[in-house]
Amino acid sequence: MSQPLTALDDLTADDFLRQLAALRDQREQIDRHIRACLAYAREFTGPRPYTLASLAEAAGLSISGVRTAYTPADCETVARALGRAPRRRA
């Protein structure tokens, strides 16, 4: 936390709401990055050096949560960033 919770008492209502919205935006950005990292680990590496269990532990998800955490759009984002398509599953 960048500032102590006691500093919240000094904020106006508008400043508090702006700060809360900024925190939400940061969380959404981090969530997008986590999804992209999971897509990379599952779809762009091979043979798969990352187990579902290791990814789940690192991401704070269940194994089934890792399987469903990212979407085709996340894979497209990673593919564009890497300049290559995901590997093909056998």
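Reply: Let's begin with arginine 18 and aspartate 15, which both lie in helix 1, three residues apart, about one turn of the helix. Helices here are DSSP runs of H or I with at least four residues, strands are runs of E with at least two, and both are numbered from the N terminus. The side chains of arginine 18 and aspartate 15 form a salt bridge at 2.6 Å, N to O; the term asks for a side-chain nitrogen of Lys or Arg within 4 Å of a carboxyl oxygen of Asp or Glu. Arginine 18 is exposed at 53% relative accessible area, while aspartate 15 is partly exposed at 32%. For these labels, buried is under 20%, exposed is over 50% and partly exposed is in between, using a 1.4 Å probe and protein chains only.

A word on the ground rules: this is a predicted model, in which local features need pLDDT of at least 70 and side-chain atom pairs count only at pLDDT 80 or more, whereas totals for chains, interfaces and linings use all residues. Residues are numbered from 1 along each chain as its sequence is written, and side-chain values use heavy atoms, with hydrogens and water left out.

The whole structure holds four salt bridges. One of them pairs arginine 35 with aspartate 74 at 3.3 Å, N to O. Arginine 35 belongs to helix 1 and aspartate 74 to helix 4, so this pair ties together parts that are 39 residues apart in sequence. Arginine 35 is partly exposed at 26%, but aspartate 74 is buried at 10%. Elsewhere, salt bridges with shared partners join Arg24, Asp25 and Glu28 into one network. Within it, aspartate 25 and arginine 24 meet at 3.2 Å, N to O; aspartate 25 is partly exposed at 40%, and arginine 24 is partly exposed at 39%.

Helix 1 (residues 13–43) and helix 4 (residues 72–82) pack at about 75°, with axes 9 Å apart. Axes are lines fitted to C-alpha atoms, for helices over the stretch in contact, and angles between N-to-C directions run from 0 to 180 degrees. On the helix 1 side, Arg35, Ala36, Ala39, Tyr40 and Glu43 meet Asp74, Cys75, Val78 and Leu82 of helix 4, where contact means heavy atoms within 4.5 Å.

Valine 66, in helix 3 (residues 63–69), is buried at 0%. Beyond its neighbours within four places in sequence, valine 66 contacts Leu38, Arg42, Leu52, Leu55, Ala56 and Leu61.

Finally, proline 47 sits in the loop between helix 1 and helix 2, and the peptide bond from glycine 46 to proline 47 is cis, with omega near -10°.
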